[in-house]
Amino acid sequence: MTARRSRLEVIYDLLNSIKEKGGTIKPTHLLYKSNLSHKKMTEYITELIGKGFIEAKNKDGRKTYALTDKGLEYTNEFQRMKRFSESFGL
Amino acid sequence: MTLYINSPQWFAGIDSGIEFLSLVVALMVSWYGYKIYRLSGERKYKHFASAFLLAGIAYVFKIISQITLYEKELVRQRIGPFLVSRTVLEPVSWLHTYSYVIFGLLILFSLLLLLIVTLRINDRPTLILLTYFMIVVTLASIKAQVLLHITLALMAALLVFHFYTNYAKNKARQALFVTLAFLGILLSHIVMIFMVYDPNIYVAGEALQLTGFLLLMYAFILVRKK
């Protein structure tokens, strides 16, 4: 059984999924990759937009999510934040 | 109210330097914990950052208590036909005492908050009881300073146990240094229990605290390394 992901990891997984798709992703792909329920993913997306990590865009009439510079910074900082958390057993 | 630090004269000022370094390291850890809180929104990081911020502020008050411990006073004494003038160090009682009490209160709450976060204590009655005991220990330590160090040593011991268990689980180098850092802090409080007996014990306690915070700084550098 795998351990439950922390919020730090869930956010990283969401942002990294967008990053791996070249910086833009469709909501359905993100739902599939995030391994979250639709309700949970919507909550996270709302939070990530609010924090300025991603932005919702309309591409050819279809909704997509794009990674912002701040979101990219989070993915780069993630390993250090994880190391910090693990160091203190948080 | 009488509190004093049984320190050798040559060490006056050096101890404040050690507290300043401890303050800087505590604020560095607090800043990064707060940064993670801002990014993740997880409350435990906010509490973790607050714990180290409290420690940082506590050391500011400890510095105040150290630098106000003595003031220079010119004493003139007549020995036979000669008038001898010399400068002596006299304690500045009230400012030293109050800043030391505030230091005690803040450092106790800092370690308590760290214990709450790391041991995941959520039970409200337990939290109220612990808060009450911290206030009682602070007030009692005005009369018996040793109580503060016994309580801090006990809390640090619980933290060392938690950090060691964490290290045994993940075997990360930085987790080992965090454990060693808190072991240094634990030993410093154990040594400080006996500082009334010999001024050199105070020096040893401060040296152990310095070692602890230097190790914590090294752990932080390991974490921040790319």
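Visitor: Which residue in S3(A) does A:Asn58 stand opposite?

Guide: A:Asn58 stands opposite A:Lys63 in S3(A). Before going further, please note that this is a predicted model, in which local features need pLDDT of at least 70 and side-chain atom pairs count only at pLDDT 80 or more, while totals for chains, interfaces and linings use all residues. Residues are numbered from 1 along each chain as its sequence is written, chains are lettered from A and ligands numbered from 1 in the order in which they are written, and side-chain values use heavy atoms, with hydrogens and water left out.

Visitor: How many bridges join S2 to S3 in chain A?

Guide: Strand S2 (residues 54-59) of chain A is joined to S3(A) by 6 bridges, and the two run antiparallel; strands here are DSSP E runs of at least two residues, helices are H or I runs of at least four, and both are numbered from the N terminus. S2(A) and S3(A) make a hairpin with 2 residues between them, and A:Asp60 in the turn has a positive phi of about 55 degrees.

Visitor: And what is the strand order of the open sheet?

Guide: The order is S1-S3-S2 in chain A, an open sheet of 3 strands with antiparallel pairing, where two strands pair if DSSP finds at least two bridges between them. S1 and S2 of chain A are the edge strands, since each pairs on one side only. Strand S1 (residues 24-25) is joined to strand S3 (residues 62-67) by 2 bridges, and A:Thr24 stands opposite A:Ala66.

Visitor: Changing topic, which residues of H4(B) are buried?

Guide: They are B:Met134, B:Val137, B:Thr138, B:Ser141 and B:Ile142, with buried meaning under 20% relative accessible area, exposed over 50% and partly exposed in between (1.4 Å probe, protein chains only). Seen down the axis of H4(B), these residues fall within an arc of 150 degrees, so they line one face of the helix; the arc is that of the directions from the helix axis to the C-beta atoms.

Visitor: What covers them, and what is on the face turned away?

Guide: The cover includes helix H3 (93-118) and helix H5 (146-170) of chain B, whereas the face turned away carries the exposed residues B:Pro125, B:Ile128, B:Tyr132, B:Leu139 and B:Lys143.

Visitor: How many aromatic pairs does the structure hold?

Guide: Over all chains there are 22, counting rings of Phe, Tyr and Trp (its six-membered ring) whose centres lie within 6.5 Å, with planes under 30 degrees apart called stacked, over 60 edge-to-face and the rest tilted. A:Phe88 and B:Phe52 form an edge-to-face pair, 6.1 Å centre to centre with 70 degrees between the planes. This pair crosses between chains, from helix H4 (residues 69-88) of chain A to helix H2 (residues 43-67) of chain B, and both A:Phe88 and B:Phe52 are buried.

Visitor: How much area do chain B and chain A bury between them?

Guide: They bury about 2200 Å², 59% of it on carbon and sulfur atoms, where buried area is the accessible area (1.4 Å probe) that two parts lose on being put together, summed over both. In chain B, the residues that lose the most area to chain A are B:Leu39, B:Tyr45 and B:Val223, together 24% of what that side buries. The contact (heavy atoms within 4.5 Å) takes 32 residues from chain B and 20 residues from chain A.
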